Amino acid sequence: MSHLQPVPTGDVPAEAGVVSLASLLRLSARGDEQAFAELYDATSARVHGLVLRVVRDPAQSEEVTQEVYLQVWRTAARYDEARGSAMAWLMTLAHRRAVDRVRAAEAVNRQDTTYHQGSHVVSHDSTAEAAEQSMEARRVRSALVELTPVQREAIELAYFGGYTHTEVATMLDLPVGTAKTRIRDGLIRLRDAMGVGQ
Amino acid sequence: MTAHEIHALSGAYAVDALDDVERARFEAHLAECAECRAEVTSLQAATMLLAGLSETAPPPELRSRVLADIKTVRPLPPTVARITERRPRRWTSLLAAAAVIGAVGGGTAIWQDTHHGTSTRAPSAIDRVLEAADVQKVSQPLPHGAVATVFRSRSQSAAVLVTHNMPALPAGHVYELWFRDQHGTMVPAGLMAGGGNRTVLFEGNANNARGVGVTVEPAGGSKQPTTIPVALLNFEQST
């Protein structure tokens, strides 16, 4: 799948002239600022795109993206190739930070915010529109079609909305405890359809 | 929570859809379950594909800020397995998980394989509080994105503090936990060695406490608070 990807993932050996993200991370861990700048250039659109999608507020998203890269710089030595690609590691860090940010903000604002269920629901089209961007995105979109609507909605609310599985269950009128199963089943189906992480 | 139920959290963990307590518990499980580790890795690879659906370049200034920032930050060394050192198994799985998370800093690092524990354990006092049918929960956001959450179960006569992003402490200091009784008196209820993401059991019977407090005290703790509490939580506001 490597030739379809717009960004080197670190899944595959470096191609001619392209240093893998894993190598850039290793160099960064030794304090190589040039390598880190290359890593930033190769990944920041993905990282920031994800952060922005979860956090939504542009100024806060920039702060989170900045924190993510500082954390990547500090902890690059802790990246373990045996546990997934460098890109997956980076996106996992970014997602965790983005979610922590929205939940911390929510804890502060909880008193003066009325819960409005309808506004949380992500429309199915938001995924489809964004998916025009690349070949890989097109493959992801066709894989998403394989999911049941509930699986897809549960994953979108959790991953892009930053909601917990119990919140997702309430939003989708699922019995408590079943949203986590829908999320897991959906991710397994997506993983298998895309042939990743095996 | 049974073993089967905890396996089922892998997907929600991969998309960060667990609350702090579930996350700590699942990370403790991950340290001991190779099957779940492999599954989480593969599901995180799948979530990464979803992330690719929304690429947005950050503004150019951000690049300059990041590259200026890193000049002032020292990269951490690799994690080296410490085979001889064993943590006393006093607060069991949740604390082990909290320590693993806390060791990496910021509370946002993904799970690190530094913990080698035994595989079977009876539910700890902490687990029994968190899983009690009568558990009460009260949460308080603190400055700098920190959060303190207290769980109390009257049937277990116990309470548990879960912290998120608590600031690190100066050398020679600890966090001290307090029960606030019906007269407003603060009663010592144990110590917490540092900041970060932690899960600790309050010492003593929690049933008569109207609330709890957390203060910064000299190492070893104090008999009564000597500083203004960094957190004060009231059980009357619990859910």
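Which residue lies over the face of Phe160(A)? That would be Arg53(A), at 3.8 Å from the ring centre; a charge counts as sitting over a ring if NZ of Lys or CZ of Arg is within 6 Å of the ring centre and within 35 degrees of the ring normal. Arg152(B) likewise lies over the face of Phe235(B), at 3.9 Å from the ring centre.

The model is a predicted one, where local features need pLDDT of at least 70 and side-chain atom pairs count only at pLDDT 80 or more, while totals for chains, interfaces and linings use all residues. Residues are numbered from 1 along each chain as its sequence is written, chains are lettered from A and ligands numbered from 1 in the order in which they are written, and side-chain values use heavy atoms, with hydrogens and water left out.

Phe36(A) is buried at a relative accessible area of 0% (buried is under 20%, exposed over 50%, partly exposed in between, with a 1.4 Å probe and protein chains only). Phe36(A) also pairs edge-to-face with Trp73(A), at 5.3 Å and 75°. Trp73(A) is buried too, at 2%. Ring pairs link Phe36(A), Tyr40(A), Tyr69(A) and Trp73(A) into a cluster.

Notes. Rings of Phe, Tyr and Trp (its six-membered ring) pair if their centres lie within 6.5 Å; planes under 30 degrees apart count as stacked, over 60 as edge-to-face and the rest as tilted.
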